[in-house]
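Here's a quick tour of a chain, going from single residues out to the whole fold. Have the viewer open as you read.

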Amino acid sequence: MMIEVYYMFDNSSWIWASSCPERDEYAEFREDFVFDGNDLKFRISADSDYAVYVNGIYAASGQYGDFEYWKVADEIDLAPFCKQGINPLLSLSGIGEKKICPSTGLGKRV
C-alpha cells in the first residue's frame, strides 16, 4: 500500500512588499476573486500577525506560530462574507520585531 502525502507548502513561497523588510513594517495584499456560491476555504500562513477582510468586512485575524522549521496555516471560511461574483480579498500583515531577508526567507529576531 502506498500513501501519498501532500504538504500544503510544496508549491508556495513567502511574499512581501519589499525585498528585505525592516522592523515594524506593514503591508497590504489585495486580490479579487470570483465567488460562485459554493464552499470557500482560504488558507493563510504568515510569519507575522495578519488580518483578512472580504468586501471590506473583517473576516479573521491571527498570529504566526513561531516555529522556525514547522510552519502552519489557518483555514478560514470566507463564504459568509462573499457575494456572488467578484469579491475583493485584503490581507494586512506586519513584521513587528522581526526582519526577514530574501537570502533565507526566514524571520530572524533583531
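## Asparagine 87

Asparagine 87 sits in strand S6, which covers residues 85-94; strands here are DSSP runs of E with at least two residues, helices are runs of H or I with at least four residues, and both are numbered from the N terminus. This is a predicted model, where local features need pLDDT of at least 70 and side-chain atom pairs count only at pLDDT 80 or more, while totals for chains, interfaces and linings use all residues. Numbering runs from 1 along each chain as its sequence is written, and side-chain values use heavy atoms, with hydrogens and water left out.

Is asparagine 87 buried or exposed? Its relative accessibility is 0%, so asparagine 87 counts as buried (buried means under 20% relative accessible area, exposed over 50%, partly exposed in between, with a 1.4 Å probe and protein chains only).

The asparagine 87 side chain makes a polar contact with the side chain of asparagine 55, at 2.6 Å. A polar contact is a pair of N or O atoms within 3.5 Å; within protein, one must be able to donate a hydrogen and the other to accept it, and residues adjacent in sequence count only if both atoms are side-chain atoms. A polar atom of the asparagine 87 side chain also lies 2.8 Å from the backbone oxygen of lysine 83. Leaving out residues up to four places away in sequence, asparagine 87 touches a set including Glu31, Phe33, Val54 and Phe81 (contact means heavy atoms within 4.5 Å).

## Serine 93

Serine 93 is in strand S6 too, and with 8% relative accessibility it counts as buried. Glutamate 25 is 68 residues away along the chain, yet the two C-alpha atoms are separated by 8.5 Å. Among the residues serine 93 touches, not counting those up to four places away in sequence, are Trp16, Glu25, Tyr26 and Tyr50.

## Arginine 30

Over in strand S1 (residues 26-35) you'll find arginine 30. Arginine 30 is exposed, because its relative accessible area is 56%. Its side chain makes a polar contact with the side chain of aspartate 32 at 3.0 Å. Beyond four places away in sequence, arginine 30 touches Pro88, Leu89 and Leu90.

## The whole chain

Zooming out, the chain has 0 helices and 8 strands. Buried residues make up 30% of its 110 residues. Of the contacts with a separation of 6 or more, 74% come from residues 24 or more positions apart.
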